[in-house]
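Student: I would like to go through this model by question and answer. Shall we begin with charged side chains and then turn to the strands and the surface?

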Amino acid sequence: MNKSLILIATIAAVSFAAPIHFGIDAKVGYNALFLGEQLGAGVVTGSPESKPSFGAAIGPTFAYDLTKQFALGGSALFVYDLDRFDNAIDLGLGSNKEEHTISQMSLGLQFAPIFHINKFFSVKFGYEWDMPFSGTAKTKRTTTLGSAVNTATDKSDIVWAPAKASDVGSTELPVLSTHNLILGGAYQITPMVALTLQVKMGLTGSVPLYNASGDLDGGAGSKSNMTTNQLAIGVSFRM
């Protein structure tokens with residue numbers, strides 16, 4: 001126990017004395033989903049609709065001071081997203097409504113140069129790569145045909161999309177890692193604590209595309225894919 005306290009104290013002392021600083025970030029946010037026709041599995045009559053979705057992240061950070069105003073920042077974040085959307089399909093004489101709920105854990109690696117406007121305010125602009133590693137997806141299907149209504153629910157495990165469609169299990173939902181732009185700001189309320197605001201803009205989609213041969217195809221950046229933008233608030237602790 002004493003050794004652990006000594007180690008923490010040493011890291012804190014080094015952080016203040018050296019141009020590199022370590023800390024912890026925590027944030028929560030609202031996810032805005034952009035949905036495309038790929039979610040309808042090729043059914044052109046599908047009508048995806050985003051529902052309220054949320055995200056959270058926590059993890060260690062570092063900042064390396066280049067000058068008094070500029071620093072290089074990075075973080076390794078454990079990211080949790082709870083995304084919801086519906087997809088209504090017109091069947092002519094009836095309809096099929098799918099209610100999707102995706103609960104996903106990802107590892108987010110972020111790199112963002114930081115500009116200190118003054119001793120209170122700073123801004124950053126950079127990049128984040130999110131790699132999914134766990135989660136579940138639940139789909140509730142309600143089929144209406146005349147006066148008959150049938151309801152069924154499916155549950156799948158989220159996996160990182162394999163190179164071959166044949167490697168996807170019957171109860172698995174493959175998803176892609178995503179590339180994102182980061183724009184953020186911070187207000188320093190004490191030397192060790194700051195309030196943060198961050199916008200994360202998805203550049204690529206999370207729905208994998210497989211070609212006729214069953215190989216993973218290059219469609220992640222398509223506008224018809226599912227991308228996520230997030231507005232998050234949080235707190236940053238510097239050791």
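**Charges, strands and surface**

Student: What is the relative accessible area of Glu-128, and is the residue buried or exposed?

Tutor: Buried means under 20% relative accessible area, exposed over 50%, and partly exposed in between (1.4 Å probe, protein chains only). Glu-128 has a value of 2%, so the residue is buried.

Student: What conventions apply here?

Tutor: This is a predicted model: local features need pLDDT of at least 70, side-chain atom pairs count only at pLDDT 80 or more, and totals for chains, interfaces and linings use all residues. Residues are numbered from 1 along each chain as its sequence is written, and side-chain values use heavy atoms, with hydrogens and water left out.

Student: Which residue meets Glu-128 in a salt bridge?

Tutor: Side chains of opposite charge can pair when their charged atoms come close. A salt bridge here is a side-chain nitrogen of Lys or Arg within 4 Å of a carboxyl oxygen of Asp or Glu. At 3.2 Å, N to O, the partner of Glu-128 is Lys-200.

Student: In which strand is the salt-bridge partner of Glu-98?

Tutor: Glu-98 pairs with Arg-141, the closest N and O atoms being 3.5 Å apart. Glu-98 is in β4 (residues 94-116), and 43 residues separate the two. Glu-98 counts as buried at 11% relative accessibility, while Arg-141 counts as partly exposed at 28%. Arg-141 lies in β5 (residues 121-145).

Student: How far apart are the closest N and O atoms of Lys-164 and Asp-215?

Tutor: Both residues are partly exposed: Lys-164 at 37%, Asp-215 at 25%. Their salt bridge has its closest N and O atoms at 2.5 Å. Lys-164 lies in the loop between β6 and β7 and Asp-215 in the loop between β10 and β11, so the pair ties together parts 51 residues apart in sequence. The closest N and O atoms are apart by 2.5 Å.

Student: How many salt bridges does the structure hold?

Tutor: Lys-51, Asp-86 and Lys-97 are linked in a network of them. For the structure, the number is seven.

Student: Which strand pairs with β1 over twelve bridges?

Tutor: Two strands pair if DSSP finds at least two bridges between them. The pairing with β1 is antiparallel, and Tyr-30 stands opposite Leu-231. β9 (residues 193-202) also pairs with this partner, antiparallel over nine bridges. The strand is β12.

Student: Which strand gives the largest share of the nonpolar patch?

Tutor: Patches join residues with over 30% relative accessible area and no salt bridge: like charges within 9 Å, nonpolar side chains (Val, Leu, Ile, Met, Phe, Trp, Tyr) within 5 Å. This one covers about 1000 Å² and includes Ile-24, Phe-62 and Phe-237; areas come from the Shrake-Rupley method with a 1.4 Å probe, only the protein chains shown counting as cover. β1, β2 and β3 each give two or more residues. With three residues, the largest share comes from β2.

Student: What is the relative accessible area of Ile-24?

Tutor: Ile-24 lies in β1. The residue is partly exposed, because its relative accessible area is 36%.

Conventions
Helix = DSSP H or I, 4+ residues; strand = E, 2+ residues; numbered from the N terminus.
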